[in-house]
Amino acid sequence: MLFGGMSSAIADDTSDNFNFSGFSRVVAGVLDDNNATYQGYDNSVSFGQGSLLGLQADLRLNDKFSITTQLLAHSSDDRNSGIEWLYATYQPNKSLRFKAGRMRTPFFIYSDVIDVGFAYPWISPPQQVYKAYLFDYFDGVIASYELSAPDFSAELEVYYGAYDDLINNSSLEEVTAKTSNLRGIALNIRGEKIQARISSNKGGVDIDFPELRGFSDILRSANYNLTADSLITSGDAEVNQIGISYDELNYFYKAEFITISSPILVVPDIDSYYLTAGYMVYPFTFHATYANNTSKYAPAVVEIPTGLAPEVDALAAGYAQIYDNLENDTVKSLTLGVRWDFRIDMALKAEVTHLRGEQGARSFFNITNPAEFDYRANLVQVAWEWVF
Amino acid sequence: MKHWLILTTLFVFPASLSFAQIANANGIVVVANISNNDLTLSKQQIRSLFMGSSVGRDLKVATLPPSSLTRVEFNTKVIGMTESRIQSYWAQMRFSGRKTEPLQFDNENQLIEFLNNTPGAVAYLPASTAIPDNLTVVYSSANN
């Protein structure tokens, strides 16, 4: 009798050890500019850039152990489909949890649910913060500890791991980046209306760049050591974050500030932030987001004289060429959007993002006609979100 | 004009109806099947508990479905978020492997039966509910 009407409870009950869930989104978008593309969108409507299907399976072995995997099928050319997550969870008590396996790196508030559009108000979370730069995933362990006081609750998360990845964060070709000794700490504090998250992440990054190393060796053999030293391809990268949100029943504010720094030549120092305000008239959420960032490369070393000899001039030109190829992604954006939660498990969204790039910088655009492009464009998107 | 009427009927009217009912509701109590009859929890602890945190105790949290007016009142008075925000939150927790949603029962009778039969069970009920003697009221919205 007790279990007579527990239709929705059965799936979560210990009697059922296998749990299957998922999320899906269909996103259509168009950019009102024919001189560039942005996030894969051009001036004709396309569905292929953000649409995806994710499936999660949780297998509970006993009260303390479980195994989770998440598979993703993605329609974008920029993303690989396959296993996103595969980890084992050990939870000795309700406050302490360990996970081991392949996971998403928990840099920012939405880093580990970036594909689950149902979890956030936007269609595209602010690119300045959420565009992938380095080590999105890692193989390793996460430990988290939760404590609850009468006025707040807090969760402390630490992780350690490593990952080898392909990156193309500059216009230089796609290269292998090995990240080792990746470690981070995040503290999440939740009060009645205010929530704050602060995190610090570090990892030793080694980018396999044979041409750059070869050129560095040539410079060194010609005794231009300072110049050779500036072509750094490995070192500790650091990612720091502060996020704050304030929630009332019918409105909310949200902000995140992040910094990325590294000694590596092709990884610029980045400061980014976004500010979001939302207003709810159930079942609609209206929101506005302003986002901005700066991106800076280490300055070029001025050591090689010019006009001495053609061979030396060639070295100077080669060095200048490397700096010319480093692209800056700096953009200001204003996004206005609406989310309609028309069912408990589904939402429709629409949003317009006005983008203002920096003249002469790549600004997250893929510029197809540099002569005509004015670094301003509007991205219009609509999306259907589903969780099951 | 006609469209606005339809929109108003579809969304604004049911919303204002439920808010009116909430304003007239008696409040919410949170009830637990525990041996310590003196235990009381703060609003923030209740909030943490129903959002998947442990508050340091081995409690089994149970809820009512989103269509339940008691749930709407609990969301409004204790959680402080609308149902759609709460659903977003659970999507974030589930797919980042952090927390899973509480058990959900179809109606208050089933919830009371679960409370009666399960040591450590905790759930919200309308303040007007006749609470069985073996259960402890750990929180009341009237006092907060």
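## Two chains, one predicted model

In chain A, β13(A) and β14(A) are joined by a hairpin through two residues. Helices (H or I, at least four residues) and strands (E, at least two) are DSSP runs numbered from the N terminus. What you have here is a predicted model, where local features need pLDDT of at least 70, side-chain atom pairs count only at pLDDT 80 or more, and totals for chains, interfaces and linings use all residues. Residues are numbered from 1 along each chain as its sequence is written, while chains are lettered from A and ligands numbered from 1 in the order in which they are written.

**How confident is the predictor?**

The model scores ipTM 0.89 and pTM 0.88. pLDDT is the predictor's confidence in each residue, from 0 to 100. For chain A the mean pLDDT is 90, with 93% of residues at 70 or more; for chain B the mean is 85, with 82% at 70 or more. Over residues 1–21 of chain B the pLDDT is below 50, and beyond near neighbours in sequence that stretch has six contacts in the model. Chain A has a stretch of its own, residues 1–15, where pLDDT stays under 50 and the model has 18 contacts beyond four places in sequence. Two residues count as in contact if their C-beta atoms, placed from the backbone, lie within 7 Å.

**Strands of chain A**

Strands pair through backbone hydrogen bonds, either parallel or antiparallel. Two strands are called paired here if DSSP finds at least two bridges between them.

| Strand pair | Sense | Bridges |
|---|---|---|
| β12(A) and β13(A) | antiparallel | ten bridges |
| β13(A) and β14(A) | antiparallel | 13 bridges |
| β14(A) and β15(A) | antiparallel | eight bridges |
| β15(A) and β16(A) | antiparallel | eleven bridges |

Some partners to click on: A:K254 has A:T276 of β13(A) as its bridge partner, and A:L275 stands opposite A:Y290 in β14(A). Further along, A:A291 stands opposite A:S333 in β15(A), and A:R339 has its bridge partner A:K349 in β16(A). A hairpin through two residues also links β15(A) to β16(A).

In a regular strand the side chains alternate between the two faces of the sheet. In β13(A), the covered face holds A:I270, A:S272, A:Y274, A:T276, A:G278 and A:M280. The uncovered face of β13(A) has A:D269, A:D271, A:Y273, A:L275, A:A277, A:Y279 and A:V281.

**Chain B on its own**

Chain B has five helices and five strands, and along the sequence they follow the pattern α-β-α-β-α-α-β-α-β-β. The strands form an open sheet with mixed pairing, in the order β3-β2-β4-β1-β5. At the edges are β3 and β5 (136–140) of chain B, each pairing on one side only. Within the sheet, β1(B) (residues 28–32) and β4(B) (residues 121–126) run antiparallel over five bridges, with B:V31 partnered by B:A123. Lying across β1, β2 (60–63) and β4 of chain B is α5(B), which runs at about 145° to β4(B); axes are lines fitted to C-alpha atoms, for helices over the stretch in contact, and angles run from 0 to 180 degrees between N-to-C directions.

Of the 144 residues in chain B, 42% are buried. A residue is buried if 20 or more other C-beta atoms lie within 10 Å of its own, exposed if 12 or fewer, and partly exposed in between, with C-beta atoms placed from the backbone. Among contacts in chain B between residues at least 6 apart in sequence, 74% join residues at least 24 apart.

**Where the chains meet**

Across the interface, 37 residues of chain B are in contact with 40 residues of chain A. On the chain B side, α1 (2–24), α2 (43–50), α4 (83–95), β3 (103–104) and α5 (108–117) each supply at least two residues, and α4(B) gives the most, with seven. That side of chain B divides into ten nonpolar, 20 polar and seven charged residues. Here Ala, Val, Leu, Ile, Met, Phe, Trp, Tyr, Cys and Pro count as nonpolar, Asp, Glu, Lys and Arg as charged, and the others, Gly among them, as polar.

So what do the buried residues of α4(B) pack against? They pack against β1 (18–31), β3 (52–60), β4 (65–74), β15 (331–343) and β18 (376–387) of chain A. The buried residues of α4(B) are B:S84, B:R85, B:Q87, B:S88, B:A91, B:R94 and B:F95. With 13 residues, α4(B) reaches 18 Å from its first C-alpha to its last, close to the 18 Å expected at 1.5 Å a residue; that expected span is 1.5 Å times one less than the number of residues. After α4(B) comes B:G97, whose phi is positive, near 70°.
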